[in-house]
Amino acid sequence: MPQAHVNGIDIDYLIEGDGAETIVMVNGLADEKESWGYQTPDLVAAGHRVLSFDNRGVGKSSMPPGPYTSQLFAADTKALVDALGLTDFHLVGTSMGGMIAQEYAIAHGSDLKSLTLSSTYAAPGPFCSRMFSMWADMAPQLGVPFVMRDVTLWAFTLAFFETRGSELEEFEAAMAAMDQPVEAYLAQLSSIQTHDASDRLDRITTPTLVIAGEEDILIPVALSRRLHEGIAGSEWATTPGGHASIWEHPEPFNQAVLAFIERHS
């Protein structure tokens, strides 16, 4: 994979497709660029070019000491797209990536044609804050793969556990094989604990879609709904599934995002 040295770090990235419209995808906590594997083929097949990359702290990108913030991640993203000469693109972020995308739109909205914020919030509030505090306590004692086993329980729906056992085993095996250092995980985790764009959402003027898995219990749907209500003129949508709806039910998610992007191309 190619790398770019930007904002003081090396970022590992991948560009797929050669369409006129570019979609930049921003990953969630502990996720590498390959986490968009259920989305990229559909986006490319629809005629788009797709940029995905490893955030600092994960995959093959640099892992400098933390803590990191959503604003720092947004600065990394800005430095990467500038280095690649990308302008007038569509930005899609899920979970932590949705927080990064908010900060990007607040600081660099003129770069964007559209903004999609998936399974995310403007601020964590007391429920998510307690969950993330537990993960921060667990990781140094039990390791990142153990914490990700807990995340799996929150991310997928009951139906997924009951009817799609072979896929569940694949996800659990991938979690067990994670090699993200604890320090890098905690540095990333800090960003979702401290992210708060609540009083700056009025600065987002890019056409925005806020989308959530209708059974999300990790970032409760109500928090995503509040984010939508805080961004004037934003569109709201839900798809089947929970927090991991992009993996559990990728087709309806992809269709919703593509329809939105095509309206703003």
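This is a predicted model: local features need pLDDT of at least 70, side-chain atom pairs count only at pLDDT 80 or more; totals for chains, interfaces and linings use all residues.
## Aromatic pairs

Let's begin with the rings. A pair of aromatic rings is described by the distance of the centres and the angle of the planes. Searching the whole structure turns up 10 aromatic pairs. One of them joins Phe-127 and Trp-154 in an edge-to-face arrangement, with 6.0 Å centre to centre and 65 degrees between the planes. This pair links distant parts of the chain, as Phe-127 belongs to helix H4 (residues 125-142) and Trp-154 to helix H5 (residues 144-155), 27 residues apart. Phe-127 is partly exposed, with a relative accessible area of 40%. Trp-154 also counts as partly exposed, at 27% relative accessibility.

Another pair, Phe-156 with Phe-171, is tilted: the centres are 5.0 Å apart and the planes make an angle of 50 degrees. Here too distant parts of the chain are linked, with Phe-156 in the loop between H5 and helix H6 (158-163) and Phe-171 in helix H7 (residues 165-176), 15 residues apart. Both Phe-156 and Phe-171 are buried.

## Where H4 meets H5

The helices that carry Phe-127 and Trp-154 are worth a look as a pair. The axes of H4 and H5 come within 7 Å and cross at roughly 150 degrees. Angles over 145 degrees count as roughly antiparallel, so that is how H4 and H5 run relative to each other.

On the H4 side, the contact is made by Phe-127, Met-131, Trp-135, Met-138, Ala-139 and Leu-142. They meet Val-144, Phe-146, Val-147, Asp-150, Val-151 and Trp-154 of H5. By type, the residues of this contact divide into 11 nonpolar, no polar and one charged.

## Around Gln-188

Now for the glutamine. Gln-188 sits in helix H8 (residues 182-194). Its relative accessible area is 0%, and because buried means under 20%, Gln-188 is buried.

Which residues does Gln-188 touch, not counting residues up to four places away in sequence? They are Leu-29, Ala-30, Asn-55, Arg-56, Gly-57, Val-58, Tyr-68, Phe-73, Met-96 and Gln-180. Among them, Arg-56 and Tyr-68 have an arrangement of their own: Arg-56 lies over the face of Tyr-68, at 5.6 Å from the ring centre. Ser-61 is 127 residues from Gln-188 along the chain, and the C-alpha atoms of the two are separated by 13 Å.

Note on methods
Residues are numbered from 1 along each chain as its sequence is written. Side-chain values use heavy atoms; hydrogens and water are left out. Rings of Phe, Tyr and Trp (its six-membered ring) pair if their centres lie within 6.5 Å; planes under 30 degrees apart count as stacked, over 60 as edge-to-face and the rest as tilted. Helices (H or I, at least four residues) and strands (E, at least two) are DSSP runs, numbered from the N terminus. Buried means under 20% relative accessible area, exposed over 50%, partly exposed in between (1.4 Å probe, protein chains only). A charge sits over a ring if NZ of Lys or CZ of Arg is within 6 Å of the ring centre and within 35 degrees of the ring normal. Axes are lines fitted to C-alpha atoms, for helices over the stretch in contact, and angles run from 0 to 180 degrees between N-to-C directions. Angles under 35 degrees count as roughly parallel, over 145 as roughly antiparallel, 65 to 115 as roughly perpendicular and the rest as oblique. Contact means heavy atoms within 4.5 Å. Ala, Val, Leu, Ile, Met, Phe, Trp, Tyr, Cys and Pro count as nonpolar, Asp, Glu, Lys and Arg as charged, and the others, Gly among them, as polar.
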